Amino acid sequence: MSGDWWKSETAYQIWPKSFMDASGDGIGDLKGITSKLDYLHDLGIGILWISPFYPSPLVDEGYDISDYYSIDPRFGTMADFEELLTEASKRDIHVITDIVVNHCSDQHEWFRKACEDPDGPYGRFFYIEDWDGEHLPCNLRSEFGGPVWEPLPGHPDKVYLHFFDKTQPDLNWENPDLRAEIYKMMNWWLDKGVSGFRMDAIINIKKVLPFHDYPADRDDGLASVSAMLKEQTGIDQFFREMKEQVFDQHDTFTVGEIFDARPEELAAFIGTDNGCFSSMFDFSGEVFGKSELGWYRSKAYLSAEEYKSCIFGAQRSVREIGRLSNIIENHDEPRGVSRYLPQDAWGCHSDDAKKALAGTYMLLRGVPFIYQGQELGTENVDIPSIEKVSDVWTLDQYRTAQEAGLSDEEALAAVAPFSRDNARVPMRWDDSENGGFTDGTPWTPLRSAPAFNVADEEENPDSVLNFYRQLIRLRSNEEYWDVLSNGEFLAYEENQKNLISYFRWNGVCTLLVMANFQAECQNVELPDENKAYEIIMTNGKPLHIFGNTVTLLGWQFAVLQER
Ligand code: GLC
């Protein structure tokens, strides 16, 4: 029953711990979010994804949930959440929440009961296997390091499965009782008024059974979970059931966190007619150049040509199927301007370059997501030492780099560009010491450059923030919303180096988007010399068109309309 309301919206992701602290305890909270809804409304946001705020030991910063039906007191109360929903709705903002159901926390009562009685009903909520003290059921490696198996507390002859941290036991989706509990919980949140979900690690819910070993991909003798995902079949049955039990009963927007999808599965995942989810994130740029060996062997940033091949390939892969949610960053990834702007190019940190990247990804087909602070042009932070890092994933990747022979200094330099800490520092609302984020002591130092703050950028008409506002207004403009939300994507002059250009057209209107991903000028021939091209927007400097040739200045971005 998923309607069309979300197709022309722009979404914004909040990582609550670092967005805005209203209580003064140094930790962001729900009341803080409510206090900033006017800011989000002025920006033009229609969908708000809030990362987990449920009770949690915060080992994985809230992605380890110990109670699916409550609010962590650090973030507020259920009344605060209801107030947030009411105030968001007054501003036409739809709130979606994070559904983390591949695993829960080891502090969840289901897991505690499973430890008390592994053969009882809650034991069957998890993957618990017998263990001879030597041979594990399979050699998969957890995402955060080490084997995916851990001895079950109180039962030295048993192990349980965890694809992420050992405090995040995987839920057994083969068990219909577990699935019924999850659907009940999802419906409960929808009945409360949330408009949909971001589905965390949802591709992992289907395991290949019985467990077996895979060829090792590192010296530790273990294999990445991706090896299992390549063999996985049957997840579409879970998705179909979830759709019937949950999404068909409500008018939702849902977005899947789905890596490793195979082309033949896309229709079941995001197909316009019968797909389970409204969309899934395009992670093609995120995974580009990542090595099985770890971050220390991965590419830290992409050239313009690499970035173009990622986004164009992704657009084509879903063309006749459905829609993607387009991102350049999120709470798991470095800042987009530090990864997708070629960092060896002169001017890659200029506002013009940041705006060119923003325009390029925001006008692709699909739903654009903005991660908090991205709209300010915020860059990766300085990570001075590993002692300052709290993220479990970064710590594991640092160890991996050391084990591969890198010195401490080299290991830090290798993991810093990927660290999740880059995006998880508090938001800067003004240029004061604590950035207007808190009246107390921030839970972690701000570290981002003070220049990227909301108050200053609001005053500057040429700021990156105001350019994002223009882009969002363009997406909702009466004349362009249909072509930008429903129109086709078609690459233009794809082989021209450092040019990223494409059409959006719907049979009535044709827009030509072009961005020069280099400091030097470059000429672009217009597609049809018999047509006139009207300039709809640029990222600042005036655009020069002589006859049939556009001269793009360094890092220039433009949208033209064919007349
Ligand atoms: C997802 C989340 C990430 C988390 C992981 C385990 O990938 O985005 O932050 O660590 O799932 O829940």
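Tutor: Happy to. Keep in mind that this is a predicted model. Let's start with the ligand. There are 13 residues around the ligand, and those that come nearest are Asp60, His103, Asp200, Glu257 and Asp332.

Now zoom in on some individual atoms. Asp332 has a polar side-chain atom 2.4 Å from an oxygen atom of the ligand. For Asp60, a polar side-chain atom sits 2.5 Å from a ligand oxygen. As for cover, the ligand on its own has 300 Å² of accessible area, and the protein covers 95% of that.

Next, follow the chain on from Asp200. Strand β8 covers residues 196-200, and the loop between β8 and β9 (223-224) holds Asn204. Asn204 is buried, because its relative accessible area is 6%, under the 20% cut-off. Setting aside neighbours within four places in sequence, Asn204 is in contact with Asn102, Phe163, Phe164, Val225 and Leu229. Pro210 is in the loop between β8 and β9 as well, and the peptide bond leading from Leu209 to Pro210 is cis, with omega near -5°.

Between β14 (488-491) and β15 (499-505) you'll find Glu493, which isn't a glycine but has a positive phi of about 45°. Asn498 is in the loop between β14 and β15 too, with a positive phi near 60°. As a rule, most residues other than glycine have a negative phi.

Finally, step back to the whole chain. It has 18 helices and 21 strands. Its radius of gyration is 24 Å, close to the 24 Å that the globule rule gives for 563 residues, so the chain is as compact as a globular protein of that length. Its C-alpha atoms fill a box of roughly 80 × 55 × 50 Å along the principal axes. Buried residues make up 61% of the chain. Among contacts with a separation of 6 or more, 71% are between residues 24 or more positions apart.

Note on methods:
Residues are numbered from 1 along each chain as its sequence is written. This is a predicted model: local features need pLDDT of at least 70, side-chain atom pairs count only at pLDDT 80 or more; totals for chains, interfaces and linings use all residues. Side-chain values use heavy atoms; hydrogens and water are left out. A residue is near a molecule or strand if one of its heavy atoms lies within 4 Å of it. A polar contact is a pair of N or O atoms within 3.5 Å; within protein, one must be able to donate a hydrogen and the other to accept it, and residues adjacent in sequence count only if both atoms are side-chain atoms. Accessible areas come from the Shrake-Rupley method with a 1.4 Å probe; for residues, only the protein chains shown count as cover. Helices (H or I, at least four residues) and strands (E, at least two) are DSSP runs, numbered from the N terminus. The radius of gyration is taken over C-alpha atoms; the globule rule is 2.2 Å times the number of residues to the power 0.38. Buried means under 20% relative accessible area, exposed over 50%, partly exposed in between (1.4 Å probe, protein chains only). Contact means heavy atoms within 4.5 Å.
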